[in-house]
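Me: I have a structure open and would like to learn how to read it. Could we go feature by feature?

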Amino acid sequence: MSLPDDICPRPVFLAPGPTAPLAPPIHLAAVYRCDSPEQADAMLGGEESGYVYVRDGHPNADMLAEKCRALHGMERAAVCSSGMGALAAACLAVLNEGDHVVASNRLYGRSLKLLSGELPRLKREVSVVDTCDLAATAAALRPTTRLLIVETITNPTLRVSDIAALADLAHRRGALLLVDNTLASPAVCRPAEFGADLVHESLTKIMNGHSDVLLGLLCGGATHWDRVPEVVSTWGLAAAPFDCWLAARGLSTLAVRAERACANALRAAEFLSEQPQVAEVCYPGLASHPDHALARRQFGAAFGHMVTFTLRGGLAAATRFIAAAKGIPFAPSLGDLSTTLSHPASTSHRNLSSSEQAALGIGGGTIRLSVGIESAQTVVAAIRAGLSNA
Ligand SMILES: *Cc1c(COP(=O)(O)O)cnc(C)c1O
């Protein structure tokens, strides 16, 4: 080879033109050039703003975090490499040895694993309670309780947390309320408006909305934020630039996607309620839902894009439904552009015994739809095809 060997490693810089790009650039750089030891020292010490190393911060993470922060109306936001990373960051930043956590028994399975499996190893105590029962929640709070953790809308029976009441309980005991807002998104609920101190979301779901990114978000007030940036960098929870760029692009259409998906979900729930094969439909937008009045107060006009229903014929009927509902992929996640379904008993809740599943309202015949942005007729036709076999 006769390549001049100093060409390859030399960066190529375009001279900045008089016009700026309308779409945001992707800053893939893992490291930035510093002018002087003095500048490097000031930036690494946090006295001067600027980027040095990608794990400590980069423009695409900051652009995405700023969008999310503004959507939630909170003071601070950080993007992490996954929703679980954001929950870990919250726990690591806020909890000290001996602190106690009260967690909802309906939390996302991995969240419960982190809280009840991992935190006790770090000498943080955890109690798991039914946070829909405010008296039981109040009784579980201790003088050492630092965090109360709930989800705005829980999976799969879509119970709604009374955020204002829970925030009040937590604050009266000197604890903070952390709300996982993944199933709602800020299009349906902004927990800070009801007193939540910290909000976390899996951006993997409807926020990005295109099933091509794994990312998480943590938002909070300035007073609880001191340790968050340090924790995100030191525990290696930072997000990659390209993922942040994709999620910022997905987020640009959240308002229209959520409006359409929520309207479709209401239509699907109403349709399912009228079908003889269906024993029960869970959707907070239906008057039959136990939290309908609360959902109206807290959400206004949109009740989310998840719909859960239970077939009379149990697991056999669910298996036949899934085989026949060709237009609805069985993909155990949520928040995609298209309608997908999950079967909680065999996926998200498979580690629970059947009596524990039953206590949460999950049976072999339970199917959870994540409703997408197809036309309402297409969604209903796809459900009808599944039911024809169930
Ligand atoms: C998916 C999900 C998480 C975890 O998010 P990841 O991005 O998968 O790590 C947490 N909470 C809820 C409610 C979720 O649906």
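Reply: Start with Glu193. Glu193 is exposed, because its relative accessibility is 51%. Exposed means over 50% relative accessible area, buried means under 20%, and partly exposed lies in between (1.4 Å probe, protein chains only). This is a predicted model, where local features need pLDDT of at least 70, side-chain atom pairs count only at pLDDT 80 or more, and totals for chains, interfaces and linings use all residues. Residues are numbered from 1 along each chain as its sequence is written, and side-chain values use heavy atoms, with hydrogens and water left out.

Me: Which residue does Glu193 meet in a salt bridge?

Reply: The general idea is that side chains of opposite charge can pair when their charged atoms come close. The rule used here asks for a side-chain nitrogen of Lys or Arg within 4 Å of a carboxyl oxygen of Asp or Glu. Glu193 pairs with Arg190, at 2.8 Å from N to O. Arg190 is partly exposed, since its relative accessibility is 27%.

Me: How many salt bridges does that rule give?

Reply: The count is 8. Another one joins Glu118 and Arg121, with the closest N and O atoms 2.7 Å apart. Glu118 counts as partly exposed because its relative accessible area is 41%. Arg121 reaches 63% and so counts as exposed.

Me: Are Arg159 and Asp291 buried or exposed?

Reply: Both are buried. They form a salt bridge, with 2.6 Å between the closest N and O atoms. This pair links distant parts of the chain, 132 residues apart. Arg159 sits in the loop between β4 (145-151) and α6 (163-172), and Asp291 in the loop between β8 (278-282) and α10 (292-299). Helices (H or I, at least four residues) and strands (E, at least two) are DSSP runs, numbered from the N terminus.

Me: Which residues are closest to the ligand?

Reply: A residue is near a molecule or strand if one of its heavy atoms lies within 4 Å of it. For the ligand, 13 residues surround it, the closest being Gly83, Asp180, Ser202, Thr204 and Lys205. Polar side-chain atoms lie 2.8 Å from a ligand oxygen for Ser202 and 2.7 Å for Thr204. In Lys205, a side-chain N or O atom is 2.7 Å from an oxygen of the ligand. The protein covers 93% of the 380 Å² of accessible area that the ligand has on its own. Such areas come from the Shrake-Rupley method with a 1.4 Å probe; for residues, only the protein chains shown count as cover.

Me: Last one. Where is Leu28 in the chain?

Reply: Leu28 is in the segment before α1 (37-44). Its relative accessibility is 61%, so Leu28 counts as exposed.

Definitions and conventions: A polar contact is a pair of N or O atoms within 3.5 Å; within protein, one must be able to donate a hydrogen and the other to accept it, and residues adjacent in sequence count only if both atoms are side-chain atoms.
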